[in-house]
Amino acid sequence: ADAAVIAFPTDPAAWTNHGMSPDNIRSTVVNNVSGYLVPSLPAGEYFVIAVDSASRTAWQDPAWLAAAAGSATRVAVRWGETRTVDLVRRGQP
């Protein structure tokens with residue numbers, strides 16, 4: 001329960017100028033029983049990374065996203081598709 005998952009676009013241009021509620025960046029807390037669910041991502045290419053829950057809002061910093069991209073898992077999502085991705089929690093990127 002002390003972990004979070006962050007999904008963010010692979011395109012660095014999408015890491016800025018998106019406001020506080022971007023359409024294509026999601027952060028969610030991990031549930032010990034059922035894992036995690038990242039809802040309502042538009043179709044696209046994403047990096048997905050599991051981090052300490054204290055880093056749940058780190059996606060707001062483009063420099064953090066750039067560092068996290070190097071150890072994140074790359075995932076393609078189509079409209080309406082459900083994907084399963086096993087992740088290992090990482091330290092700070």
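This is a predicted model: local features need pLDDT of at least 70, side-chain atom pairs count only at pLDDT 80 or more; totals for chains, interfaces and linings use all residues.
Biologist: Which elements give two or more residues to the lining of the largest pocket?
Modeller: Two strands each supply two or more of them: β3 and β4.

Biologist: In what order do the elements of the protein chain run?
Modeller: The chain has one helix and four strands. The helix, α1, covers residues 62-69. From the N terminus on, the order is β-β-β-α-β.

Biologist: Why is the protein chain called as compact as a globular protein of that length?
Modeller: The C-alpha atoms fill a box of roughly 35 × 30 × 25 Å along the principal axes. For 93 residues the globule rule gives 12 Å, and the chain comes close to it, so it is as compact as a globular protein of that length; its radius of gyration is 12 Å.

Biologist: What is the strand order in the sheet?
Modeller: The sheet is open and has four strands, with antiparallel pairing. The order is β2-β1-β3-β4.

Biologist: Which strands stand at the edges?
Modeller: An edge strand here has a single partner, so one side of it is left without a neighbour in the sheet. That holds for β2 (26-29) and β4 (73-77).

Biologist: What is the average twist from one strand to the next?
Modeller: The strands lie in the order β2-β1-β3-β4. From one strand to the next, the twist averages 25°.

Biologist: How many bridges join β1 to β3?
Modeller: β1 spans residues 3-9 and pairs with β3 in the antiparallel sense. Ala3 stands opposite Asp52 in β3. The number of bridges is seven.

Biologist: How many bridges join β3 to β4?
Modeller: β3 covers residues 44-52 and runs antiparallel to β4. Gly44 has Val77 as its bridge partner in β4. Tyr46 stands opposite Val75 in β4. The number of bridges is five.

Biologist: Which element has the lowest mean pLDDT?
Modeller: The chain has a mean pLDDT of 85, and 92% of its residues reach 70 or more. Among the elements, helix α1 has the highest mean, 95. The lowest, 88, belongs to β2.

Methods. Residues are numbered from 1 along each chain as its sequence is written. Side-chain values use heavy atoms; hydrogens and water are left out. Two strands pair if DSSP finds at least two bridges between them. Axes are lines fitted to C-alpha atoms, for helices over the stretch in contact, and angles run from 0 to 180 degrees between N-to-C directions. pLDDT is the predictor's confidence in each residue, from 0 to 100. The radius of gyration is taken over C-alpha atoms; the globule rule is 2.2 Å times the number of residues to the power 0.38.
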